[in-house]
Amino acid sequence: MSFTTKNTENRVRVCFDCREFHRINVSDYKTKESLHTFELKHQGHRTQVIDAKVLAEILPYSQQGLKVW
Ligand SMILES: [Zn+2]
């Protein structure tokens, strides 16, 4: 794994089953807690950490219906 992840502030965890995503740049306690809730909720689902810039390319059909955490 030689993947460079210096741009972590633009990374999101996305659930393809629920079409929801959550920012993973957790700097404050409240966001960190909601990310934990998100991961618990989507356990067993098809989730992936991606760059926010490619979110629109991966889920172009569901941009309107995406739930933002
Ligand atoms: Zn899910």
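1. The protein chain has an average pLDDT of 78, and 70% of its residues score at least 70; pLDDT is the predictor's confidence in each residue, from 0 to 100. This is a predicted model, in which local features need pLDDT of at least 70, side-chain atom pairs count only at pLDDT 80 or more, and totals for chains, interfaces and linings use all residues. Numbering starts from 1 along each chain as its sequence is written.

2. The protein chain contains two helices and four strands, in the order β-β-α-β-α-β from the N terminus. Helices (H or I, at least four residues) and strands (E, at least two) are DSSP runs, numbered from the N terminus. Mean pLDDT among these elements is lowest for strand β4 (residues 67-68), at 58, and highest for strand β3 (residues 47-51), at 91.

3. Of the 69 residues in the protein chain, 6% are buried. Buried means 20 or more other C-beta atoms within 10 Å of the residue's own, exposed 12 or fewer, and partly exposed in between, with C-beta atoms placed from the backbone.

4. Helix α1 (residues 29-41) has 13 residues and spans 18 Å from first C-alpha to last, close to the expected 18 Å at 1.5 Å a residue; the expected span is 1.5 Å times one less than the number of residues. The number of buried residues in α1 is zero, so the helix lies largely in the open.

5. Arg19 sits in the loop between β1 (11-15) and β2 (20-23). Its phi is positive, about 55°, although Arg19 is not a glycine. Most residues other than glycine have a negative phi. Arg19 counts as partly exposed because it has 14 C-beta neighbours inside 10 Å.
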